[in-house]
Amino acid sequence: MTLERLDAQSVARRAAAEIAPGSVVAVSGAWAVAAADLVPEEKGVWFLRAGGTLSDLPINAADAGAALRGGHVDLSILTAAQVDSHGSFAGYHAADYPGPQGHAGLVDLASGARRVIAALPHIREDGTPNVVSALSFPQDGARCVDTIITDVAVFRVADDGLILTEVAPGWSAEEVRAITGAPVSVSPNLRDMDFDLPPGRPPSKVYADGPGAIADLPDGATVFIDGFGGPGGMAHYLLVSLRDRGSRNLTIVSNTAGIARVVSFGTPPGRTAIDHSVLVENGQVAKAIASFPVSPSVSRPSEFELAYRRGEVDLELVPQGTLAERLRAGGAGIEAFYTPTGAGTLIAEGKESRVIDGREYILEHGLRADFALIRAHQADTRGNLVYRGTSRNFNAVMAPAARVTVVEVDEIVQPGELDPEAVVTPGIFVQRIVRRPDGFTGYE
Amino acid sequence: MAFSKLYDSAQAAVADIPDGATILVGGVSGVNAPEGLLSALADRGVRDLTCVCDSNYYGAEALHRLVSAGCVSRIISPAPFTGRSDDPVHELWRAGTMTVDVVPWGTLAERMRSAGAGIGGVFLPVGIGTRFAEGRETRMVNGVECVFEAPLRGDFALIRAACADGVGNLAYEGPQRGWNSAVVSAARVAIAEVDQVVEPGGIDPELVITPGIFVNRIVQSSSVPVG
Amino acid sequence: MTDDKERLDRAIIAMRVAKELPAGSCVNLGIGIPTLVSMFVDDESVVFYHSESGVLNCGPLADEGSEDIDLINAGGQFLQSVPGMAYFSSVEAFAMIRGGHVDVTVLGAHQVSATGDLANWMLPERGVGNIGGAMDLAAGADKVIVAMEHNDRSGNPKVVQECNFPLTGRGCVSLIVTDVAVLEPTPDGMVLRETAPGWTPEEVQEVTGARLIIPDNIAEYEV
């Protein structure tokens with residue numbers, strides 16, 4: 001073979017061309033990491049690395065895995081050893097990593113991301129093809145790769161096999177085919193490799209006001225709301241915006257269903273806090289999923305309790321820790337989990353139970369929502385959040401579990417102004433940011 | 001103070017780790033690992049440890065020392081082999097004196113998180129169609145094929161952090177957080193090797209990553225002879 | 001016969017519970033009598049307080065006029081900012097509880113059964129109730145201590161053979177401290193450990209719904 005194959009840097013450039021502005025990308029292996037390094041900061045791309053970083057933010061390894069499984073990663077770019085014509089791949093040469101299981105470094109990246117790109121040398125030093133009909137090395141991901149980038153070509157993985165879409169400069173389809181170990185059909189639009197980054201920048205997450213940020217919150221939506229119970233950590237401005245918008249038939253998922261107003265929970269003396277009651281009395285709530293749904297005082301019932309007694313709203317009662325864990329599961333790609341909480345009580349009725357290590361557990365499922373209306377202290381324009389004190393509570397748990405998370409903050413700052421060590425909620429979990437207007441207090 | 005988490009030396013902090021214990025080790029590829037604690041453990045000549053760690057790559061000298069000293073009989077890790085000819089794990093594995101369990105890293109972290117959080121196990125959509133799901137309990141949950149993953153508990157967690165206050169609250173520096181903060185809660189006894197010990201209040205409560213409730217023992221790294 | 005016998009006040013119950021908290025332990029206190037317990041823990045013990053509102057090592061309540069809505073305990077009371085605190089989310093707060101990192105929780109109760117079943121989240125006549133963190137604490141804490149009045153306002157016993165109120169957890173209570181006795185639920189039944197000054201075991205039995213196992217060496221309530 002006299003034709004020249006691309007160098008590593010060029011393959012990385014071609015891989016980088018797949019990275020959309022503002023997207024979340026997991027990278028592993030030298031070529032993938034090199035691709036990440038080619039994307040300028042202004043593109044607003046997030047890079048997740050297995051060791052526990054999300055761009056400049058340090059994160060816990062369990063949270064990194066959760067981000068992948070939870071559907072928060074748009075694209076994984078991984079450096080593979082072999083790919084087959086169905087998009088299954090092997091990450092490593094079996095000889096390097098022996099034993100029945102070898103190396104598991106790429107399994108999470110392959111299972112979790114919405115889209116997987118494999119980057120690899122087209123052939124090995126001895127000329128053996130790495131793009132093959134059937135893998136000879138241990139498989140790390142089944143039918144997950146949708147694009148293969150090598151040092152001579154780009155393939156799309158279709159239902160019926162590989163389609164050659166691009167060739168390296170100077171290469172023909174026939175020359176690529178000759179060193180490929182799987183049948184290849186050639187795209188009618190076959191072209192030379194495109195090394196340009198996608199144009200543009202990510203759209204702004206900052207909204208001018210509350211009504212604008214929830215303008216598309218539909219009737220029948222499931223909405224996460226509330227901090228813990230008091231005014232601390234509650235997105236009052238968004239709550240009032242939702243009342244004014246009037247979306248109906250809502251399922252609200254919340255620690256309480258509005259108790260601050262009637263019992264002054266966490267409320268400074270002489271104040272009356274806005275709470276869920278504004279939605280309930282406006283007839284917008286069909287159901288609450290909550291751990292502390294009614295007033296602790298029988299003589300001072302909340303709006304929700306009154307509506308419940310009138311039969312106007314449903315209630316799903318959930319222990320507080322189970323609620324938190326179900327929310328985490330919803331955002332972390334955990335479909336179900338066993339908890340000891342509530343075993344042998346009313347909460348366990350109708351649920352699978354299982355004895356694990358001599359202890360009874362019940363099966364609970366993840367919770368997801370269409371919208372989360374959360375409250376934080378500060379956001380940067382990327383959506384990174386810091387909270388204040390105990391007002392972190394459920395807000396930080398809800399953010400990753402909603403399709404659209406809207407945050408109400410005291411202050412919006414520029415990227416780089418928040419200490420990365422202090423960021424609690426990374427911006428990949430926040431879609432919209434609104435500043436609480438001056439003079440808005442959260443009290444009636 | 002009648003009660004303190006601060007230990008004088010790494011030797012004292014690991015003195016009661018028995019033969020056969022399961023240890024959870026922080027750090028990634030030997031970077032940000034609790035080297036002083038691992039060295040003290042190797043010096044003690046403990047046998048038959050099960051070692052749960054992120055990976056056995058280049059730079060994992062302290063881990064290699066523990067392995068080469070014959071202290072470890074089982075490794076649970078996403079990447080237990082270095083892929084190089086001088087790998088002590090590979091050598092012992094070939095000789096039949098080392099058991100190796102390979103687990104995807106996100107799953108491994110989640111299994112330890114389950115143990116630390118009192119969860120009896122989780123259904124994860126990870127590794128389906130690979131050898132990591134073969135022979136395992138799987139089921140469809142919400143239309144998604146999942147593997148059941150049991151909690152993974154340790155007897156001791158050995159971790160590295162930047163700063164501890166007297167009550168065991170920990171702050172990390174950058175990527176140090178990744179695997180150290182993931183393993184700390186899953187052991188019966190967590191031992192943190194830190195660069196700096198400050199008075200309670202010396203760490204902003206907003207910047208505490210591992211609350212002291214998870215940390216039983218603290219050793220200042222300057223008291224640790226590295227070797 | 002026992003109607004006008006003197007019962008201990010709430011502070012004494014709290015004082016007795018405080019003796020059960022080992023040095024260096026992590027403790028979660030529920031609302032009511034349990035909240036008072038922290039007043040009687042001596043400084044030497046270095047007890048770490050956990051609140052499921054998301055704070056560890058929390059201290060005393062805030063003074064009037066310095067309330068901060070971003071620093072509350074699980075009962076919605078305002079806390080002082082003290083050195084050594086750590087903030088965390090609700091998911092971590094309950095990971096600590098379920099994961100066995102909270103050594104002791106002190107809770108109130110409507111009923112406790114002879115084998116340690118706990119009912120404290122709903123009065124049946126109300127038909128709806130708040131679970132809050134109670135079920136997680138009951139399931140997760142290493143040791144669950146119930147601090148309560150021995151009888152309800154109508155005089156009904158709260159220490160019962162079997163709970164007929166909805167349960168919070170099964171077999172989870174390890175010690176009960178009331179205004180007349182200290183009792184220990186066991187798989188074999190309710191064991192009387194201590195009696196309040198002036199109370200005989202028989203008098204305690206009279207106001208108790210569970211059959212008491214009365215050992216030979218009953219101590220007097222010690223605070």
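Analyst: The model is predicted, and every value given here is computed from it.

The contact of chain B with chain A brings together 56 residues of chain B and 57 residues of chain A. The area buried between these two chains is about 4,400 Å². Carbon and sulfur atoms give 53% of that area. On the side of chain B, three residues stand out: B:Trp105, B:Arg131 and B:Glu206 supply 18% of the area that chain B buries against chain A, more than any other three residues.

In one salt bridge the side chains of B:Glu110 and A:Arg328 meet, with a distance of 2.7 Å from N to O. With both residues at pLDDT 80 or more, 29 residue pairs are in polar contact across the interface of chain B and chain A.

Several elements of chain B each supply at least two residues of the side that touches chain A. Among the helices there are α4 (88-95), α5 (105-117) and α6 (177-183) of chain B. The strands in this group are β5 (99-102), β6 (121-124), β7 (138-141) and β8 (144-149) of chain B. The largest share comes from α5(B), with six residues. Sorted by class, the residues on the side of chain B that touches chain A are 31 nonpolar, 15 polar and ten charged.

The two chains are also joined through strand pairing. Strand β18 of chain A, residues 336-339, pairs with β6(B) in the antiparallel sense over three bridges. Within this pairing, A:Tyr338 has B:Gly121 in β6(B) as its bridge partner. Strands of a sheet pair through backbone hydrogen bonds, parallel or antiparallel.

Chain B also meets chain C. This contact takes 23 residues from chain B and 23 residues from chain C. The two chains bury about 1,700 Å² between them, with 67% of the area on carbon and sulfur atoms. B:Phe3, B:Pro205 and B:Ile213 supply 32% of the area that chain B buries against chain C, more than any other three residues.

For chain B and chain C the count of salt bridges is zero. Polar contact, with both residues at pLDDT 80 or more, is found for five residue pairs between them. Here too α5(B) gives the largest share of the side of chain B that makes the contact, with three residues. By class, the side of chain B that touches chain C has 13 nonpolar, six polar and four charged residues.

C:Arg16 lies in helix α1 of chain C, residues 10-18. C:Arg16 counts as buried because its relative accessible area is 4%, and the cut-off for buried is under 20%. Leaving aside neighbours within four places in sequence, C:Arg16 is in contact with C:Val177, C:Val182, C:Glu194, C:Tyr221, C:Glu222 and C:Val223.

Of the 444 residues in chain A, 62% are buried. Among contacts in chain A with a separation of 6 or more, residues 24 or more positions apart account for 74%.

Two examples show strands within chain A. In strand β15 of chain A, residues 250-253, A:Leu250 and A:Ile252 point one way, A:Thr251 and A:Val253 point the other way, and all are buried. Strand β14 of chain A, residues 222-224, pairs with β15(A) in the parallel sense over three bridges. The bridge partner of A:Phe224 in β15(A) is A:Val253.

The second example is an open sheet of three strands in the order β23-β22-β25 of chain A, with mixed pairing. Its edge strands are β23 (385-386) and β25 (411-413) of chain A, each pairing on one side only. Strand β22 of chain A, residues 378-380, pairs with β23(A) in the antiparallel sense over two bridges, and the bridge partner of A:Ala379 in β23(A) is A:Leu385.

Definitions and conventions:
Residues numbered from 1 in each chain as written. Chains lettered and ligands numbered in written order. Predicted model: local features only at pLDDT ≥ 70, side-chain atom pairs only at ≥ 80, totals over all residues. Heavy atoms only, no water. Contact = heavy atoms within 4.5 Å. Buried area = accessible area lost by both parts, 1.4 Å probe. Salt bridge = Lys/Arg side-chain N within 4 Å of Asp/Glu carboxyl O. Polar contact = N/O pair within 3.5 Å; in protein donor to acceptor, adjacent residues only side chain to side chain. Helix = DSSP H or I, 4+ residues; strand = E, 2+ residues; numbered from the N terminus. Nonpolar A, V, L, I, M, F, W, Y, C, P; charged D, E, K, R; others polar. Pairing = 2+ DSSP bridges. Buried < 20%, exposed > 50% of the residue type's maximum accessible area, 1.4 Å probe, protein only.
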